[in-house]
Amino acid sequence: MALYAIGDLQGCLQPLERLLDDIAFDPARDRVWFTGDLVNRGPDSLGCLRFVKSLGERAVTVLGNHDLHLLCVAEGIEKPRPRDTLDAVLAAPDRDELLDWLRRRPLMHVEGAYAMVHAGLVPRWSVTKARSLAGEVEAVLQGTGWRRFLSHLYGNHPERWDDGLAGDDRLRAIVNAMTRLRVCTREGDMDLAFKGEPGERPAHRLPWFEVPGRESATHTIVCGHWSALGLRVQPKLVALDSGCVWGRTLTAIRLGDRRLWEAPCPGSAGREA
C-alpha cells in the first residue's frame with residue numbers, strides 16, 4: 001500500500017487522470033490525499049468533484065478557499081466571480097449530493113507524522129491545537145447553522161490570533177489561516193492581503209512556515225494554495241501547488257519515500273487568488 005499526496009486540482013481532471021496513471025494508483029490498495037481546492041478556474045470542476053468523491057475512504061481532501069467559495073455561491077451568499085468555472089457543478093443533477101459531500105470534508109487532516117491543511121497554520125499553533133480548532137469549524141459547517149456560518153465567513157480580520165476570540169471572529173480566523181495564509185509577521189500575525197511571489201513579499205513578512213519557533217514543526221505539513229511558491233519539499237514541509245491551473249504542472253508525492261511525479265497542464269493565463 002502506498003500513500004500519495006496531490007496538489008490543488010482546481011478543476012483540472014485530465015492532468016489528474018494522467019498523473020494517477022503515471023503513479024499506477026490502485027484504489028483497491030493505495031490511498032491519496034488532496035490539498036484542497038478541488039474546484040474552480042480549471043475546465044472540469046464537476047468531474048474533479050465526482051472523481052474524488054467516488055474514491056470514498058481511499059481519498060482524503062481538506063477544504064480550500066475555492067471549495068468554500070463554491071458552497072457560498074451555491075447558497076447565494078457570494079456572487080460568482082468573472083473567472084469562476086463553477087456553472088457545471090451548480091447545474092448538475094447530483095449538485096446537492098456533491099455539495100453536501102464537500103461541506104463535510106475536514107479543514108485539517110492529521111495522520112502519524114503528517115498534517116495536511118490547504119494553506120497554512122498560525123505559527124503559535126501546535127498541530128494538536130490546530131486540529132482542535134479545525135474541529136470547531138467542522139462542527140459548525142456540518143451542523144444545522146452552516147448557512148449562517150458561511151454568510152459571516154468573508155473578511156481579513158482578525159489577523160492576530162488570540163485564544164480569547166469567540167464567535168464569528170474566531171471561526172473566520174481559523175478558516176483564514178487554514179485556507180488563505182501565505183505570509184506572517186515575525187510575531188506570527190497573518191498578512192492575508194499578500195498573494196504574490198515569495199520574493200515580492202512585504203518587508204518584515206515571512207512565509208508562515210519560516211517564522212522562527214513555529215510550533216507545528218513537530219510534524220511534516222502537507223499543503224497547497226500558494227502556486228507562486230511552487231513545489232517545495234523540505235524536512236518539515238511538502239508544498240504541492242505547482243500551478244496546474246496556470247499552465248504549469250500537477251504534482252504528486254509518495255509520502256513514504258518522497259518520490260515525485262508531475263503531469264503537464266494546459267492551464268490558463270493569470271495569477272492566483
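**Strands, helices and salt bridges of the predicted model**

Leu-250 stands opposite Ala-263 in β13. The structure is a predicted model, in which local features need pLDDT of at least 70 and side-chain atom pairs count only at pLDDT 80 or more, while totals for chains, interfaces and linings use all residues. Residues are numbered from 1 along each chain as its sequence is written, and side-chain values use heavy atoms, with hydrogens and water left out.

Strand β13 (residues 259-264) is joined by six bridges to strand β12 (residues 249-254), and the two run antiparallel. Strands are DSSP runs of E with at least two residues, helices are DSSP runs of H or I with at least four residues, and both are numbered from the N terminus. Two strands are taken as paired if DSSP finds at least two bridges between them. The hairpin of β12 and β13 has four residues between the strands, and Arg-258 takes a positive phi near 65° there. Leu-260 lies in strand β13 and, with a relative accessibility of 37%, counts as partly exposed. Buried denotes under 20% relative accessible area, exposed over 50%, and partly exposed the range in between (1.4 Å probe, protein chains only).

Leu-260 forms a nonpolar surface patch together with Leu-231 and Val-233, with about 190 Å² of accessible area together. Patches are made of residues with over 30% relative accessible area and no salt bridge; nonpolar side chains (Val, Leu, Ile, Met, Phe, Trp, Tyr) are joined within 5 Å, and like charges within 9 Å. Accessible areas come from the Shrake-Rupley method with a 1.4 Å probe, and for residues only the protein chains shown count as cover. Val-233 also stands opposite Val-238 in β11. Strand β11 (residues 237-239) is joined to β10 by three bridges, and these strands run antiparallel.

An open sheet of five strands has the order β4-β5-β9-β11-β10, with mixed pairing. Strands β4 (108-111) and β10 (232-234) stand at the edges with a single partner strand each, so one side of each is left without a neighbour in the sheet. On average, neighbouring strands of this sheet are turned by 15° against each other, direction ignored. Axes are lines fitted to C-alpha atoms, for helices over the stretch in contact, and angles run from 0 to 180 degrees between N-to-C directions. Helix α6 (residues 127-141) lies across β4, β5 (114-117) and β9 (220-223), running at about 140° to β4.

Glu-136 in helix α6 and Arg-170 in helix α8 are 34 residues apart and link distant parts of the chain. Their side chains meet in a salt bridge (2.8 Å, N to O). A salt bridge is a side-chain nitrogen of Lys or Arg within 4 Å of a carboxyl oxygen of Asp or Glu. Glu-136 counts as partly exposed at 28% relative accessibility, whereas Arg-170 counts as buried at 16%. Helix α8 spans residues 167-180. Leaving aside neighbours within four places in sequence, Arg-170 is in contact (heavy atoms within 4.5 Å) with Leu-133, Glu-136, Trp-161, Asp-162, Asp-163 and Leu-165.

A search of the whole structure finds 19 salt bridges. One of them joins the side chains of Glu-75 and Arg-147 (2.9 Å, N to O). This pair also links distant parts of the chain: Glu-75 is in the loop between α3 and α4 and Arg-147 is in helix α7, 72 residues apart. Glu-75 is partly exposed at 32% relative accessibility, and Arg-147 is partly exposed at 44%. The side chains of Arg-104 and Asp-100 likewise meet in a salt bridge (3.2 Å, N to O); Arg-104 has 37% relative accessibility and counts as partly exposed, and Asp-100, with a relative accessible area of 30%, is partly exposed. Asp-26, Arg-29 and Asp-30 are linked in a network of salt bridges.

Helix α7 also holds Leu-150, which counts as buried at 0% relative accessibility. Leu-150 and Leu-71 are 79 residues apart in sequence and 8.1 Å apart in space, C-alpha to C-alpha. With neighbours within four places in sequence set aside, Leu-150 is in contact with Leu-71, Cys-72, Ile-77 and Leu-141. In helix α5 (residues 95-103), the buried residues are Leu-98, Leu-99, Trp-101, Leu-102 and Arg-103. These residues pack against α2 (45-54), β3 (59-61), α3 (65-74), α4 (87-91), α6 and α7 (146-151).
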